[in-house]
There are 2 protein chains.
Amino acid sequence: MTSERNIPHEAEEPCMPDEELLYDLADLFKVFSDTTRIKILYALFDTPRSVNAIAEAIGATQSAVSHQLRILKQARLVRFDRDGRSLIYSLADDHVHTMLAQGMNHICE
Amino acid sequence: MTSERNIPHEAEEPCMPDEELLYDLADLFKVFSDTTRIKILYALFDTPRSVNAIAEAIGATQSAVSHQLRILKQARLVRFDRDGRSLIYSLADDHVHTMLAQGMNHICE
DNA sequence: TGATTATATGAACGTATGCTCATATGTCAA
DNA sequence: TTGACATATGAGCATACGTTCATATAATCA
């Protein structure tokens, strides 16, 4: 019993991350869990757009889009540059593409 | 203007999937967006467990775990086999590992 | 079969979430 | 500076979600 400690036959927590990390992970997925935000991300998939352009592209209110962009910004999923009076939003990095692709992958198999 | 149709300089929806697919995608991420469910998935990461074992491992009620397992089952993220009176749950496939890893990847970079 | 163990389910409750509407903030042009 | 356009923000509301508690269902063992 005590001689097989390197063969954890009843490992209690194989690789359970810290509580805080689990919360962060859940929060990240939570950002992807809303249709409006998913639409925004796809609208920006390969085309940077202004807030109004996003709203028009996905058929949502400017206010609703702005509210959701705030969440996407906090999650560092989108970034923006100023162009005149407009703010041009784009995807922050390739992680977004990868996450979306991975999700689609699971659904479509 | 009409001669450059294969160069969509103002593509309205570059690769926007169908509405229904977007809902499915959001729903999939929604499953990963709760701490209890994330904990369950990590508890099963490389060790199949019974419901009670999961509950004990993550410090949650049997009822709460059962409720969440129902959601994980519906999303085809976990499966189970019977062993005596117990139901032994395990991850459905490698997609779960990949999804979790991808999420962690984004957080930890 | 009857008792016991394991899991599932339903109602109820508190909280979180996303939308709309109205308005504030901010930027550019004249 | 003023007017017009672009975006952000806050309050309020309706809905969705996760937990607990009590109980139902199911399967095994004696």
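Tutor: Two strands count as paired if DSSP finds at least two bridges between them. Keep that in mind for the sheet. And note that this is a predicted model.

Student: OK. Which order do the three strands of the chain A sheet take?

Tutor: The order is S1-S3-S2, in an open sheet with antiparallel pairing.

Student: Which strands stand at the edges in chain A?

Tutor: Strand S1 (49–50) and strand S2 (78–83). Each has a single partner strand, so one side of each is left without a neighbour in the sheet.

Student: How many bridges join S1(A) to S3(A)?

Tutor: Two, and the strands run antiparallel. A:Ser50 stands opposite A:Ile88 of S3(A).

Student: And how many bridges between S2(A) and S3(A)?

Tutor: Six, again in the antiparallel sense. A:Phe80 has A:Tyr89 as its bridge partner in S3(A). A:Arg82 has A:Leu87.

Student: What sits between S2(A) and S3(A) in the hairpin?

Tutor: Two residues lie between the strands. Look at A:Gly84 there: its phi is positive, near 65°.

Student: What about chain B, how do S2 and S3 pair there?

Tutor: Strand S2 (residues 78–83) of chain B pairs with S3(B) over six bridges, in the antiparallel sense. B:Phe80 stands opposite B:Tyr89 in S3(B). The hairpin of S2(B) and S3(B) has two residues between the strands, and B:Gly84 takes a positive phi near 65°.

Student: Switching topic. What rotation superposes chain B on chain A?

Tutor: A rotation of 180°, with 0.0 Å of shift along its axis. The RMSD is 0.0 Å. The two copies are thus related as by a two-fold rotation axis.

Student: How many residues are in contact between the chains?

Tutor: 47 residues of chain B are in contact with 47 residues of chain A. About 4,000 Å² is buried between the chains, and carbon and sulfur atoms give 70% of that area.

Student: Which three residues of chain B supply more than any other three?

Tutor: B:Phe29, B:His95 and B:His106. They supply 16% of the area that chain B buries against chain A.

Student: Why say the copies meet through the same surface?

Tutor: Because 100% of the interface residues of chain B are also interface residues in chain A.

Student: Now the DNA. Which residues come nearest to DNA strand D?

Tutor: A:Tyr89, B:Thr36, B:Arg37, B:Ser63 and B:Gln68, out of 25 residues around DNA strand D. Of the atoms of DNA strand D that come within 4 Å of the protein, sugar and phosphate account for 68%.

Student: Which side chains have a polar atom by a base oxygen of DNA strand D?

Tutor: A:Ser63 has a polar side-chain atom 2.9 Å from a base oxygen. A:His67 has a side-chain N or O atom 2.9 Å from a base oxygen. On the phosphate side, a side-chain N or O atom of B:Arg37 is 2.6 Å from a phosphate oxygen of DNA strand D.

Student: Which elements give two or more residues to the surface near DNA strand D?

Tutor: From chain A, helix H3 (51–58), helix H4 (62–74) and strand S3 (86–91). From chain B, helix H2 (35–43) and helix H4 (62–74). H4(A) gives the most, with six residues.

Student: How does that surface divide by class?

Tutor: Near DNA strand D there are four nonpolar, 13 polar and eight charged residues.

Student: And DNA strand C, which residues come nearest?

Tutor: A:Thr36, A:Arg37, A:Ser63, A:Gln68 and B:Tyr89, of 26 residues around DNA strand C. Sugar and phosphate make up 71% of the atoms of DNA strand C that come within 4 Å of the protein.

Student: What does A:Ser63 face on DNA strand C?

Tutor: A side-chain N or O atom of A:Ser63 is 2.7 Å from a base nitrogen of DNA strand C. For phosphate oxygens of DNA strand C, look at chain B. A backbone N or O atom of B:Val51 lies 3.3 Å from one. A side-chain N or O atom of B:Lys73 is 3.5 Å from a phosphate oxygen too.

Student: Which element gives the most to the surface near DNA strand C?

Tutor: H4(B), with six residues. The residues of that surface divide into five nonpolar, 13 polar and eight charged.

Terms used:
Residues are numbered from 1 along each chain as its sequence is written. Chains are lettered from A and ligands numbered from 1 in the order in which they are written. This is a predicted model: local features need pLDDT of at least 70, side-chain atom pairs count only at pLDDT 80 or more; totals for chains, interfaces and linings use all residues. Side-chain values use heavy atoms; hydrogens and water are left out. A residue is near a molecule or strand if one of its heavy atoms lies within 4 Å of it. A polar contact is a pair of N or O atoms within 3.5 Å; within protein, one must be able to donate a hydrogen and the other to accept it, and residues adjacent in sequence count only if both atoms are side-chain atoms. Helices (H or I, at least four residues) and strands (E, at least two) are DSSP runs, numbered from the N terminus. Ala, Val, Leu, Ile, Met, Phe, Trp, Tyr, Cys and Pro count as nonpolar, Asp, Glu, Lys and Arg as charged, and the others, Gly among them, as polar. Copies are superposed by least squares on the C-alpha atoms of residues with pLDDT of at least 70 in both. Contact means heavy atoms within 4.5 Å. Buried area is the accessible area (1.4 Å probe) that two parts lose on being put together, summed over both.
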